[in-house]
Every structure is written in structure tokens, then in C-alpha cells.
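Here is a short report on side-chain packing. It covers charges over rings, aromatic pairs and nonpolar cores.

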Amino acid sequence: MATQEKPSSLGGMKAPPSGAYKIVSVPEAHKAMLDQYCISGTYVGQSEEESPWVPFGDNAAIRHLAFDVRNNVYANILWIKSPGVIGTHKHRGMVWAIGLEGTFRYLEYDWVAGPGDFITEFPGHAHTLVTDEPGGMKAFFWMQGANEFYDENGNFVETLDVWWFMSHYENYCKEHGLPINRQLYL
């Protein structure tokens, strides 16, 4: 007698329905619109030709990965090269990050993030990112909205948003004779 499988509490599917190693033609009612207006996906490899490390202060650099002007969203890898600090800043949108190398923390919090750790930052709180690592740190950041930077006395200095980050990238490329990688623009 065959045993009857109990339905999953998460719904009927426990795994994708097809393991076929082929491109499957899927119906799409609005294919012409998708083909005309949508980006099918982008790819940015590890080469600095695809996205160079752009200086971000004396001890840090940013590798830009995506700019979405419609949603004021941008993604990058932050590299602090040795023990150091990224100034006090306040996010006006959500931020998600994953540690890649070394460790980092915020002076205002009691945790330390390392490789593979996932961080969520919410709008409105000011914090100061630091690394104590002799070899520095790298982390991937996906940010939405503006970042307001402040000096050591709490005085507003500048707002960084998708337009600032695009300018940061493009000005560096122009100054160094590098082509602008359109794959970064969503």
C-alpha cells in the first residue's frame, strides 16, 4: 500500500517543477512591451575594466555595480583598505549589506559583521562605519534613497544619492580615459 504524502503547509510545491536543462518557452501576454521597454538583465564581472575601484576618501574605494535612477537605488562594494572610518551618515532609505572580507561595525551598535553576515539598515538613524582590521574590509551594499553625511560636530556636509554615485563613477572614468559601462545602469 502506497503512503499518502501530506500536503506542505507552505503550499503544494516543494521544489521547482522542472529540472530540465534547457530554455523553456514560457507564454507572455505582453512580450512586445517587455522586449521594447524592459532590461532583460545585466552582468558586471570581476574585472576592473567593467567597474574600477573609485577612491572614496583617503583610505577607501567603491566599486559601483548598479544605478537605478527611477527608484534612487544603487549598489556597490565598499572597500576600506586598512583600519579606518566612513564618516557619520544618515540613510533616508533602506540599506542591505553583506560582508565580503574582513570585519566592520558601527560605533553606535554592539555587533561586528564579517564575511557572509547580512545587515539591514533602516531610514533615519545616524551611524559611523568603522573597521579595525589591519587588512581592512569589503562589503556589498544595496541602498535606496539618499545618504546624508555629517562632520565630527554633527554639521551637515553633503547628500549622496544615485545621482552623486553616478557622477562619482563617470567623473573617475572620464579622468582616467575609461569607458562608461552601460551595464551598470538599470
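## Charges over rings

In this predicted model, the charged end of Lys-81 sits over the ring of Trp-79, 5.1 Å from the ring centre. Arg-182 does likewise with Tyr-185: its charged end sits over that ring, 5.3 Å from the centre.

## Aromatic pairs

The count of aromatic pairs is 13. In one of them, the ring centres of Phe-104 and Phe-141 are 6.2 Å apart and the planes meet at 50 degrees, so this pair is tilted. Phe-104 belongs to strand β6 and Phe-141 to strand β10, so the pair ties together parts 37 residues apart in sequence. Both residues are buried.

Tyr-106 and Tyr-109 pair edge-to-face, with 5.8 Å between centres and 70 degrees between planes. Tyr-106 has 1% relative accessibility and counts as buried. Tyr-109, at 33%, counts as partly exposed.

Ring pairs also link a cluster: Phe-56, Tyr-74, Phe-149, Trp-164 and Phe-165.

## Nonpolar cores

The largest nonpolar core has 28 residues. Phe-56, Phe-67, Leu-78, Ile-86, Phe-104, Leu-129 and Phe-141 have the most contacts inside it. At least two core residues come from each of β2 (60-68), β3 (73-80), β5 (95-101), β6 (104-106), β10 (137-144) and α2 (162-175). Helix α2 gives the largest share, five residues.

Apart from this core lies another, of six residues, including Trp-53, Ala-61, Ala-75 and Ile-77.

Beyond its close sequence neighbours, up to four places away, Phe-56 touches Ala-61, Ile-62, Leu-78, Ile-86, Phe-149, Leu-160, Trp-164 and His-168.

Conventions: Residues are numbered from 1 along each chain as its sequence is written. This is a predicted model: local features need pLDDT of at least 70, side-chain atom pairs count only at pLDDT 80 or more; totals for chains, interfaces and linings use all residues. Side-chain values use heavy atoms; hydrogens and water are left out. A nonpolar core is a set of buried Ala, Val, Leu, Ile, Met, Phe, Trp, Tyr and Cys residues joined through side-chain atoms within 4.5 Å. Buried means under 20% relative accessible area, exposed over 50%, partly exposed in between (1.4 Å probe, protein chains only). Helices (H or I, at least four residues) and strands (E, at least two) are DSSP runs, numbered from the N terminus. Contact means heavy atoms within 4.5 Å. Rings of Phe, Tyr and Trp (its six-membered ring) pair if their centres lie within 6.5 Å; planes under 30 degrees apart count as stacked, over 60 as edge-to-face and the rest as tilted. A charge sits over a ring if NZ of Lys or CZ of Arg is within 6 Å of the ring centre and within 35 degrees of the ring normal.
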